[in-house]
Amino acid sequence: MRKPVALITGSSRGIGFACACQLAKSGFDIVINGRKSQSDDQDLLLAKEKIQKLGAKCVIAQGDISVITEHKNIIETALENFETIDCLVNNAGTGAKKRGDLLNLTEDSWDYCLNLNAKGLFFLSQKVAQIMLDDSSRTDVNKIIINITSCSAKILSPNRAEYCVSKAAASMATQLLALRLADTKIKVFEIRPGIIKTDMTLPVKDKYDAFIAGGLVPERRWGEPNDVAQIVSMLALNPMPYTIGQIFDVDGGLHFHSF
């Protein structure tokens with residue numbers, strides 16, 4: 001019997017890499033993804049090596065999620081190696097190019113965030129959902145799409161408006177996909193990470209250190225990529241009966257607003 005197969009976008013490092021490792025430990029074969037070619041992305045090659053040491057078969061599917069025509073190579077690579085996709089983790093994302101007054105926000109910066117964080121996520125999910133619906137190779141394997149958005153889908157940050165809008169759009173896309181697929185074998189869920197220690201948050205580390213110390217996060221600590229990865233693994237392994245489109249806040253309590 002084949003192992004279940006997980007495709008994790010943006011998985012050379014950070015949250016995506018942690019998710020790939022955790023799913024490998026949980027018994028999945030893994031498709032990792034990055035926008036660069038294998039020869040140009042040493043992080044991706046190192047990620048593949050580490051995942052294979054966990055006992056999983058792992059392949060690299062190159063492609064920029066924000067470019068819809070590149071989805072074809074990602075999906076074909078997965079199917080050529082594993083014949084199907086059981087779990088899609090839409091992790092690939094980007095922050096705002098530059099924080100600043102939203103009245104000065106440019107169309108280029110807007111498209112940069114929306115194309116990857118929302119448009120790419122939606123159309124890749126669309127294609128993978130169709131594959132999942134057509135797959136009858138194993139009826140005992142869960143079919144699931146997990147969209148990793150952000151606490152910024154709800155919490156306002158006017159100095160990075162394009163990022164907030166893109167994550168809110170990804171959140172709505174999750175709900176719409178979940179509703180459309182509600183009477184099928186496919187589950188769709190959303191994870192909203194809070195302040196996670198990754199390359200994306202490194203430039204504002206001192207700022208968030210102060211916020212966390214001041215009580216912004218009730219747990220009073222940074223989140224780690226593996227905090228998110230453990231929730232991804234839980235959802236991928238658990239059929240989650242009678243649930244549709246749930247949102248999981250992985251933020252140490254940041255989403256609570258107390259006075």
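**Entry 1. Asn90**

I began with Asn90, which touches Thr9, Leu121, Leu124, Ser125, Ile145, Ile146, Asn147 and Ile148 when residues up to four places away in sequence are not counted. I took contact to mean heavy atoms within 4.5 Å. The model is a predicted one, in which local features need pLDDT of at least 70, side-chain atom pairs count only at pLDDT 80 or more, and totals for chains, interfaces and linings use all residues. Residues are numbered from 1 along each chain as its sequence is written, and side-chain values use heavy atoms, with hydrogens and water left out.

I placed Asn90 in strand β4, residues 87-90. Helices (H or I, at least four residues) and strands (E, at least two) are DSSP runs, numbered from the N terminus. I then asked which side chain is joined to that of Asn90 by a polar contact of 2.7 Å. The partner is the side chain of Asn147. A polar contact is a pair of N or O atoms within 3.5 Å; within protein, one must be able to donate a hydrogen and the other to accept it, and residues adjacent in sequence count only if both atoms are side-chain atoms. Asn90 has a relative accessible area of 2% and is therefore buried. The classes are buried under 20% relative accessible area, exposed over 50%, and partly exposed in between (1.4 Å probe, protein chains only).

**Entry 2. His71**

I looked up His71 in helix α3, which covers residues 71-82. His71 is buried because its relative accessible area is 0%. Apart from neighbours within four places in sequence, its contacts are Asp64, Ile65, Gly120, Phe123, Leu124 and Lys127.

**Entry 3. Thr201**

I found Thr201 in the loop between β6 (186-193) and α6 (205-213). With a relative accessible area of 15%, Thr201 counts as buried. Neighbours within four places in sequence aside, Thr201 is in contact with Ile196 and Trp222. Its side chain reaches the backbone oxygen of Ile196 at 2.7 Å. I also noted that the C-alpha atoms of Thr201 and Gly95 are separated by 9.1 Å, although the two residues are 106 residues apart along the chain.

**Entry 4. Backbone angles**

I recorded that most residues other than glycine have a negative phi. Glu83, not a glycine, has a positive phi of about 75°. Met240 is not a glycine either, and its phi is positive at about 50°. Are these residues buried or exposed? Glu83, in the loop between α3 and β4, is exposed, with a relative accessible area of 71%. Met240, in the loop between α7 (225-237) and β7 (247-250), is buried, with a relative accessible area of 14%.

**Entry 5. The whole protein**

I counted seven helices and seven strands, in the sequence pattern β-α-β-α-β-α-β-α-β-α-β-α-α-β. The radius of gyration is 18 Å, close to the 18 Å that the globule rule gives for 259 residues, so the protein is as compact as a globular protein of that length. This radius is taken over C-alpha atoms, and the rule is 2.2 Å times the number of residues to the power 0.38. Along its principal axes the C-alpha trace spans about 55 × 45 × 35 Å.

I noted that 51% of the 259 residues count as buried. Of the contacts with a separation of 6 or more, 75% are between residues 24 or more positions apart.
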